[in-house]
Amino acid sequence: MANNHRTIGNVSQGVWNRICLGIARHLFPAQVRNVFYRMAGVKIGTGSKIGATVDIDHSAPELINIGNNVWVTRGVMLLCHQRDLTQYEVGKPVMDCELKYAPIVIKDGAHIGIGAIIMPGVTIGEGAVIGAGSVVTRDIPAYSVAVGAPAKVIKKFGLGD
């Protein structure tokens with residue numbers, strides 16, 4: 001959607017998303033939170049838990065797909081949109097750059113540490129662990145540990161580990 005080109009339909013959907021997501025981030029236990037996240041459009045598998053104060057992108061929660069038995073801990077941010085800076089130039093307000101949207105996929109058994117930020121278009125592989133405070137800007141392979149800003153894989157698990 002282009003900046004400042006909103007319809008009554010997408011404004012009302014945005015209000016609904018903010019209500020559901022705003023309520024969800026403060027509810028207890030996680031199973032109750034998941035009900036409100038799903039009402040906003042987030043796809044959440046069975047056995048998955050989303051911690052308190054997790055920020056889920058209000059503008060496109062339907063682009064978030066969380067697998068089974070995933071743990072998203074407190075203070076994590078899941079962002080499905082960002083400014084497209086390919087046309088940005090000196091003297092141009094950055095807010096005039098269009099938004100680009102991309103899904104986030106968190107596969108089965110992954111663990112997202114406290115305060116991590118997951119950027120648009122990222123897939124977190126099955127069983128992967130994201131360290132606290134990490135900023136994930138690219139895909140993370142299955143059964144690996146990634147930490148830092150930007151997150152880098154520091155360990156891979158496999159046969160013989």
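Is Asp-55 buried, partly exposed or exposed? Asp-55 is partly exposed, at a relative accessible area of 32%. Here buried means under 20% relative accessible area, exposed means over 50%, and partly exposed lies in between (1.4 Å probe, protein chains only).

The model is predicted: local features need pLDDT of at least 70, side-chain atom pairs count only at pLDDT 80 or more, and totals for chains, interfaces and linings use all residues. Residues are numbered from 1 along each chain as its sequence is written, and side-chain values use heavy atoms, with hydrogens and water left out.

Asp-55 takes part in a salt bridge with Arg-25. The closest N and O atoms of the two are 3.0 Å apart. The pair links distant parts of the chain, 30 residues apart. Arg-25 sits in the loop between helix H1 (8-24) and helix H2 (30-39), while Asp-55 belongs to strand E3 (residues 55-56). A salt bridge is a side-chain nitrogen of Lys or Arg within 4 Å of a carboxyl oxygen of Asp or Glu. By this rule the count is 1. Helices (H or I, at least four residues) and strands (E, at least two) are DSSP runs, numbered from the N terminus.

Helix H1 has 17 residues. From first C-alpha to last it reaches 24 Å, close to the 24 Å expected at 1.5 Å a residue. The expected span is 1.5 Å times one less than the number of residues. Gly-14, Asn-17, Cys-20, Leu-21 and Ala-24 of H1 are buried. Seen down the helix axis, the buried residues of H1 fall within an arc of 135°, so they line one face. The arc is that of the directions from the axis to the C-beta atoms. An α-helix has 3.6 residues a turn, so residues three or four places apart point the same way. The cover over the buried residues of H1 includes H2 and E3 (contact means heavy atoms within 4.5 Å).

Cys-20 is buried at 1% relative accessibility. Its sulfur is 16 Å from the closest cysteine sulfur, in Cys-80, too far for a bond. Cys-97 is also buried, with a relative accessible area of 2%. The sulfur of Cys-97 is 20 Å from its closest cysteine sulfur, again in Cys-80, and this too is too far for a bond. The whole structure holds 0 disulfides, a disulfide being a pair of cysteine sulfur atoms within 2.5 Å.

Strand E16 (residues 152-156) has 5 residues, of which 0 are buried, so the strand lies largely in the open. Strand E15 (residues 144-147) pairs with E16 in the antiparallel sense over 4 bridges.

Key: Two strands pair if DSSP finds at least two bridges between them.
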